[in-house]
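Here is a short note for a colleague opening this structure for the first time. Please keep the model in view while reading the points below.

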Amino acid sequence: MSARVGVFAVSCSREQPKGAMTLQRERQLNQFLAGVERRALRFAEIAVRDRDEALDLVQDAMIKLARNYSQQPENEWTPLFYRILQNGIRDWYRRQAVRNRVMVWFGRGSDADKDFDPVAQAPDPGGRSPDEQLQTQEAMHQLENAVGRLPARQREAFMLRTFECLDVAGTAVAMGCSQGSVKTHYSRAVHTLRDALGEHWQ
Amino acid sequence: MNEPRNEEELARQAKALFDESVDRLDAATLSRLNQGRHEALAELERTKPVGQWARWMPATGVAAAAVVAVVMWQGTPTEGPLPAPDSATDFEILLSEDNLEMLEDLEFYSWIEPADLAENGNVG
């Protein structure tokens with residue numbers, strides 16, 4: 001009898017650290033998401049060129065990470081999160097392609113790209129002269145346009161390596177391809193951007 | 001802004017611009033991001049892994065019920081002969097023809113018993 005009581009007591013005592021671990025994991029996830037959400041938003045916004053859509057994509061990625069991968073080691077969260085986000089962006093492009101085909105069928109095209117204006121969307125920063133502000137915004141506008149014109153895989157490689165500072169291995173996980181492919185896509189992206197921006201970034 | 005001379009310089013300039021655009025996000029957007037993050041954390045709460053006891057509780061309950069059912073079913077015949085045969089025997093004795101005749105001659109037996117005792121001098 002006393003042995004049974006002992007086993008039960010040990011079993012109950014194990015539940016307490018599990019709850020504490022869950023709380024700690026929740027805090028870690030909150031901290032991770034808070035650190036990555038702004039950059040992820042801009043990442044998605046450059047890809048889909050629409051802030052509302054980008055917000056939805058980032059929120060979906062956060063929910064999927066919490067639901068499916070929160071028990072993974074914390075150092076794996078960044079590539080996993082961007083992989084989820086990339087998949088969301090690709091799905092978004094597929095849906096847009098279907099939607100555009102349907103709209104063309106009914107005689108209406110999509111005006112979303114024409115209406116998008118990153119400069120107008122950007123809020124006013126503080127602490128700089130209007131000339132500096134305008135110059136920076138114009139440069140970002142050019143960069144966004146140039147990055148947006150890259151083939152999808154090159155864009156992903158460039159943004160993950162440059163904006164998110166993921167290493168080649170992390171980028172490969174995020175893109176779901178080999179490290180060799182990452183290097184190839186990134187190199188081509190940089191060459192294309194250098195050619196495209198060279199005439200503007202002066 | 002100088003023209004990027006090599007890959008590193010282009011990447012450095014691009015990252016600086018990107019970082020600045022991140023810093024310029026407005027309050028309304030940050031609020032929506034905050035809401036989205038809390039919804040994600042609520043999802044974590046909904047999918048919280050259950051404890052070891054709770055995880056095995058349904059299987060344990062089913063197993064315990066099965067054991068009880070098997071013990072009750074198997075245990076019944078091993079308790080020995082039922083009292084039913086004894087009752088049947090009693091009925092046979094009571095309902096046998098001789099006993100019915102004895103009941104009919106009850107007055108005779110009540111007379112002969114004291115007489116028998118008087119002759120033999122014992123109750124045996």
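**Notes on one residue, a helix pair and a core**

1. Start with N30(A), which sits in helix α1 of chain A. The model is a predicted one. Is N30(A) buried, exposed or partly exposed? N30(A) has 16 C-beta neighbours inside 10 Å, so it counts as partly exposed.

2. Now look at what surrounds N30(A). Setting aside neighbours within four places in sequence, N30(A) contacts R37(B) and L41(B). M62(A) is 32 residues away along the chain, and its C-alpha atom is 9.9 Å from that of N30(A).

3. Turn to helix α2 (residues 51-68) and helix α3 (residues 77-105), both of chain A. Their axes come within 9 Å and cross at roughly 135°. α2(A) and α3(A) are therefore oblique to each other. Their crossing is right-handed.

4. Which residues make this contact? From α2(A) they are E53(A), L57(A), V58(A), D60(A), A61(A), K64(A) and L65(A). From α3(A) they are W77(A), L80(A), F81(A), I84(A), L85(A), G88(A), I89(A) and W92(A). By class, the contact has 11 nonpolar, 1 polar and 3 charged residues.

5. A61(A) deserves a separate look. Not counting residues up to four places away in sequence, A61(A) touches A40(A), F81(A), I84(A), L85(A) and G88(A).

6. Finally, the largest nonpolar core has 49 residues. Those touching the most other members are A40(A), F43(A), A44(A), L57(A), V58(A), A61(A) and L85(A). Helix α1 (residues 2-48) of chain A gives the largest share of this core, 10 residues.

Notes. Residues numbered from 1 in each chain as written. Chains lettered and ligands numbered in written order. Predicted model: local features only at pLDDT ≥ 70, side-chain atom pairs only at ≥ 80, totals over all residues. Axes fitted to C-alpha atoms, helices over the stretch in contact; angles between N-to-C directions. Helix = DSSP H or I, 4+ residues; strand = E, 2+ residues; numbered from the N terminus. Parallel < 35°, antiparallel > 145°, perpendicular 65-115°, else oblique. Left-handed = near helix turned anticlockwise from the far one by under 90°. Contact = placed C-beta atoms within 7 Å. Nonpolar A, V, L, I, M, F, W, Y, C, P; charged D, E, K, R; others polar. Core = buried A, V, L, I, M, F, W, Y, C linked by C-beta atoms within 7 Å. Buried ≥ 20, exposed ≤ 12 C-beta atoms within 10 Å, placed from the backbone.
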